[in-house]
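User: I'm new to this one. Can you walk me through it?
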Amino acid sequence: MSETWNDWRLGLWVGAAALLAGGVLAGLFHAGGLWACAVLAVAVAGSAVFAGSRAKISGPVRPDAASGKELSSLPALARGVFEQVPDPIMLLDANGRALFVNRAMREVIGTDATNKHVSALLRTPAILEAIDATSESGKPASLQLILPVPVERHYEAYIGRAEMGATVTVIVLHDLTAAKRAEQMRADFVANASHELRTPLAAVSGFIDTLRGHARDDAEAREKFLGIMSVEAGRMRRLIEDLLSLTRIELNEHVRPSKLLQLEDAVSDAAAALAPLAESDNMTVEIERQPGLPLIRGERDELIQLFQNLIHNAIKYGRENGTIRITFGLAPSPGGRNAEAFVFAAVHDEGDGIPADAIPRLTERFYRVDVKRSRERGGTGLGLAIVKHIVNRHLGRLQIESLPGQGSTFTVFLPAADTASPVHVTELS
């Protein structure tokens, strides 16, 4: 039996023992998937070190010319196991350079990790300090960290070291974003609902008391008060619906949509749904299509909601008997970053415009430029906040331009899924 097989056999025995220990730890400490996954990583790393010690695992990463994928002296079996683990995993050599990152980790760091130092991949000081401490002492560490871009995500990080002929530092991240967001959403919902519902509830309660009292037999007052109560009840219903919608969107804001669709189709559906409302205000919605635009990755229902909010605002604040124009195009990546282009859709109205000092606050919850007009038209102050979070989930950006007396333009930029087709790129001023 060859020496290589003996190395692997010993490594697998170590791995099996470590996996058993991981199950025991998870059961004893109720730590769930993170610790079990971390021990799995250390186990496989230990096996890899045993089997690859002769190949000097701490050597540099080199690309595989045939596949273009990362390749190091880490055995193929270990790489295959790590690739299938849903939690992000990174292996570092004794010098802190990346030996291997799995698919989940590549999505987190968003860059090629080939032979790069960990400080260039994870730029959070707390985790870099923990890695240094573990490398020096050999003691495992865990901590929570926040990665703010492109969308804020919360992780629990585990750092361990395998010392079996060569030193390998293992980093495992466990995504806590959904749990953190759910916790924050509950707090925000209670705070917002209690604040915004207080006024209409007080109004409805006051009218009920009046109708039960001296206005009991006053038919004219009863009709008047019932009409106001109906308006306030409708306002509460819209407010709760928008709060629930915003909560659902924020909860999934860190999850990138994966479905391919044509942006023009989603905008057309949104405009068609609001056509009766535009007609009732004697307004015209014109859609100027641009053939040949690439697809985008998006959630169709959310994008329809996004453009319904923008078109609805254009109807509410546009000029009576005016026109709402929706245009499309392809724009270069902002700042010239990468070669990725952005598909854009712009909604232009002919209203009075928005004061320059109000534009930066438009996407805040419950912010209204004209409170009276907003409430008269059924606004909740949440429409543009919903727009902002949908844009964030799609890794896009929102641009707002407005001139007094000339109307406003809301432009949504979303990354193109395919920029291979020859399409004219429109430079925006």
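Predicted model: local features only at pLDDT ≥ 70, side-chain atom pairs only at ≥ 80, totals over all residues.

User: How do the axes of helix H9 and helix H10 cross?
Analyst: H9 covers residues 263–280 and H10 covers residues 300–317. Their axes come within 8 Å and cross at roughly 45°. Angles between 35 and 65 degrees count as oblique, so H9 and H10 are oblique to each other. The crossing is right-handed.

User: Which residues make the contact?
Analyst: From H9, they include Leu 263, Ala 270, Leu 274 and Leu 277. From H10, they include Leu 303, Phe 307, Ile 311 and Ile 315.

User: And how do they divide into nonpolar, polar and charged?
Analyst: 14 are nonpolar, two are polar and three are charged.

User: New topic. Which residues touch the most other members of the largest nonpolar core?
Analyst: That core has 56 residues. Leu 263, Leu 303, Leu 306, Phe 307, Leu 310, Ile 311 and Val 347 touch the most other members. Among the elements giving two or more residues to this core are H9, H10, strand E11 (323–331) and strand E12 (342–348).

User: What does Leu 263 touch?
Analyst: Leaving out residues up to four places away in sequence, Leu 263 touches Ile 296, Phe 307, Phe 328, Val 343, Phe 344, Ala 345 and Leu 414.

User: Now Thr 124. Buried or exposed?
Analyst: Thr 124 has 17% relative accessibility, so it counts as buried. The cut-off for buried is under 20%. Thr 124 sits in the loop between helix H4 (103–109) and helix H5 (125–137).

User: What is Thr 124 in contact with?
Analyst: Leu 145, Ile 146 and Leu 147, leaving aside neighbours within four places in sequence.

How values were computed: Residues numbered from 1 in each chain as written. Heavy atoms only, no water. Axes fitted to C-alpha atoms, helices over the stretch in contact; angles between N-to-C directions. Helix = DSSP H or I, 4+ residues; strand = E, 2+ residues; numbered from the N terminus. Parallel < 35°, antiparallel > 145°, perpendicular 65-115°, else oblique. Left-handed = near helix turned anticlockwise from the far one by under 90°. Contact = heavy atoms within 4.5 Å. Nonpolar A, V, L, I, M, F, W, Y, C, P; charged D, E, K, R; others polar. Core = buried A, V, L, I, M, F, W, Y, C linked by side-chain atoms within 4.5 Å. Buried < 20%, exposed > 50% of the residue type's maximum accessible area, 1.4 Å probe, protein only.
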